[in-house]
Amino acid sequence: MAEPWETRREKILRLLKETETPLSTDQISLLLEIDRKDVYEDLVHIARSLHKSRWQLIMFPPRCLKCGYVFSSDKPKKPSKCPKCRGERVSDPLFKVISR
Ligand SMILES: [Zn+2]
């Protein structure tokens, strides 16, 4: 599936365009065999590089699994604690690339 000449970021971009359902950074890292900490960095870069294109990286924000608080951060990082209830079980942010 992955073409050998594609860069890591191109692979992520293509995966997020082709996927039917939004993916977490864990899934991206597993599917493409990329270190998870690189995925976050690449997503920030991809979001920036798509700024003026017809594509858009969208993030489904993380949610507290205890009280349902939805994080509004626009950074693709998984928060460690809920600011509302201090719960530590937080769902993964999910990503997908859509055309505008
Ligand atoms: Zn909470």
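## What helix 2 packs against

In this predicted model, the buried residues of helix 2 pack against helix 1 (8–18), strand 1 (23–24), helix 3 (36–49) and strand 3. Which residues are these? Helix 2 covers residues 25–32, and its buried residues are Thr25, Ile28, Ser29 and Leu32. They span an arc of only 95° around the axis, so they sit on the same side of helix 2.

Now look at the other side of helix 2: Leu30 and Leu31 are exposed there.

## The zinc site

Time to turn to the metal. The zinc ion has four cysteines as its protein donors: Cys64, Cys67, Cys82 and Cys85, each through its SG atom. These atoms lie 2.3 to 2.4 Å from the zinc ion.

What is the arrangement of the four donor atoms around the zinc ion? The angles they subtend run from 105 to 112°, and that makes it tetrahedral, since four donors count as such if all angles lie between 85 and 135 degrees.

## Where the cysteines sit

Along the sequence, the donor residues follow the spacing C-x2-C-x14-C-x2-C. Take Cys67 and Cys85: each lies in the loop between strand 2 (55–60) and strand 3 (94–99), so this pair ties together parts that are 18 residues apart in sequence.

Note on methods. Residues numbered from 1 in each chain as written. Predicted model: local features only at pLDDT ≥ 70, side-chain atom pairs only at ≥ 80, totals over all residues. Heavy atoms only, no water. Donors = N, O, S within 2.8 Å, 3.2 Å for Na, K, Ca; no water. Tetrahedral: all angles 85-135°; square planar, octahedral: opposite > 155°, others 65-115°. Helix = DSSP H or I, 4+ residues; strand = E, 2+ residues; numbered from the N terminus. Buried < 20%, exposed > 50% of the residue type's maximum accessible area, 1.4 Å probe, protein only. Arc of directions from axis to C-beta. Contact = heavy atoms within 4.5 Å.
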